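This report is meant for someone meeting the structure for the first time. Please keep the sequence and the 3D view at hand while reading.

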Amino acid sequence: MTDILSKKLESKLDKKLISKSKRKTLEDGFKKGKVVNEVLDKPTVMTLYKMITDHVIAYVNGAVSAGKESVVFWGVDENESNVALKIYLVSTSNFKKREPYILGDPRFSNVKKGTKNLVYLWAKKEYRNLTQCFEAGIPVPRPLYLTNNVLAMEFVGEDGAPCKSLLDSQVDEDDYKQAIQIISEMYKKAKLVHGDFSEYNIFKTEKGLVVFDLGSAVDLRHPNTQEFLKRDINNITRFFNKRGVSVEDPDELFEDIVK
């Protein structure tokens with residue numbers, strides 16, 4: 001019976017994904033077949049099925065964005081609210097490059113060997129980082145649920161269309177101040193450093209900036225915390241400076257945040 005349900009669900013998800021892929025090519029060049037094969041393998045399909053039976057989601061519409069390590073799907077819950085489903089690619093080898101963001105973080109001291117274990121741990125890490133930030137009042141997508149390689153969180157956007165990132169938006173001095181404030185409050189309130197803070201990982205919404213992709217974020221006890229913090233400050237300062245926004249000295253910002 002479970003196999004029949006699995007096949008039905010996999011068929012429905014494949015059809016929706018292929019339909020979505022025909023309408024819009026994913027930005028990083030994923031071919032629709034590759035997405036289906038790498039993301040919707042049987043374990044992931046069963047994970048999605050469990051999320052449906054657990055009433056986390058009602059159905060999945062299709063993929064809305066893709067990266068080298070994950071694909072984000074547009075899901076809908078039983079109240080017709082949009083849900084972002086971030087599915088981490090178990091078959092990718094890129095997660096091996098993420099070890100420096102895990103090793104040294106005391107929250108994740110037991111790292112089991114194997115890509116699958118590393119992917120599951122990375123998903124757990126992002127969920128925990130989102131939770132720490134959300135509870136500290138940092139503007140991040142609200143984490144909803146995590147199981148295996150699937151993370152469910154608040155969908156930042158409307159009707160399956162994510163909000164624009166800073167990269168694709170008009171920006172001003174207020175946006176710059178918000179971005180620096182997020183870095184500062186992550187450090188001081190959530191006790192985290194993002195580690196990959198840039199114009200690519202920040203939504204610009206009507207209510208303000210929302211930071212996402214927190215898998216790289218590390219605990220302040222991580223040995224490379226200050227290096228990551230300096231890089232985050234330099235990256236976002238460089239972006240706003242190129243856009244013609246008046247910015248502060250990165251070194252002074254760093255000293256002000258860590259004091």
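## A pocket between two domains

Because domain 1 (1–161) and domain 2 (166–258) both contribute residues to the lining of the second largest pocket, this pocket lies between them; the domain bounds come from an automatic or database domain assignment. The model is a predicted one, in which local features need pLDDT of at least 70 and side-chain atom pairs count only at pLDDT 80 or more, while totals for chains, interfaces and linings use all residues. Residues are numbered from 1 along each chain as its sequence is written, and side-chain values use heavy atoms, with hydrogens and water left out.

A pocket is found on a 1 Å grid over the protein atoms alone, as an open set of points where a 1.4 Å probe fits, with protein on both sides within 12 Å along at least five of seven lines, and its lining residues have an atom within 4 Å of a point. The second largest pocket holds about 310 Å³ of space, a volume being the space filled by probe spheres set on the points, which are joined across faces, edges and corners. Its lining consists of P139, V140, E154, F155, V156, G157, E158, C163, T205, E206, K207 and V210. Sorted by class, these are six nonpolar, two polar and four charged residues, where Ala, Val, Leu, Ile, Met, Phe, Trp, Tyr, Cys and Pro count as nonpolar, Asp, Glu, Lys and Arg as charged, and the others, Gly among them, as polar.

## Cysteines

C163, one of the lining residues, is partly exposed at 25% relative accessibility, whereas C133 is buried with a relative accessible area of 0%. In these terms, buried means under 20% relative accessible area, exposed over 50%, and partly exposed in between, with a 1.4 Å probe and protein chains only. If a disulfide is taken as a pair of cysteine sulfur atoms within 2.5 Å, the count comes to zero.

## Salt bridges

How many salt bridges does a search of the whole structure find? The search finds nine, each being a side-chain nitrogen of Lys or Arg within 4 Å of a carboxyl oxygen of Asp or Glu.

| Pair | Closest N and O atoms |
|---|---|
| K86 and E126 | 3.0 Å |
| D105 and R107 | 2.8 Å |
| K259 and D256 | 3.1 Å |

K86 is buried at 6%, and E126 is buried at 1%. Together with D213, K86 and E126 are linked in a network of salt bridges. D105 is buried at 2% and R107 is buried at 11%, whereas K259 is exposed at 76% and D256 is partly exposed at 39%.

The C-alpha atoms of L118 and I102 are 9.4 Å apart, and the two residues are separated by 16 residues along the chain.

E80, in the loop between β2 (70–76) and β3, has a positive phi of about 65 degrees although it is not a glycine, and E80 is exposed at 56%. D159, in the loop between β6 (157–158) and β7 (161–162), is likewise a residue other than glycine with a positive phi, near 50 degrees, and D159 is exposed at 65%.

Terms used: Helices (H or I, at least four residues) and strands (E, at least two) are DSSP runs, numbered from the N terminus.
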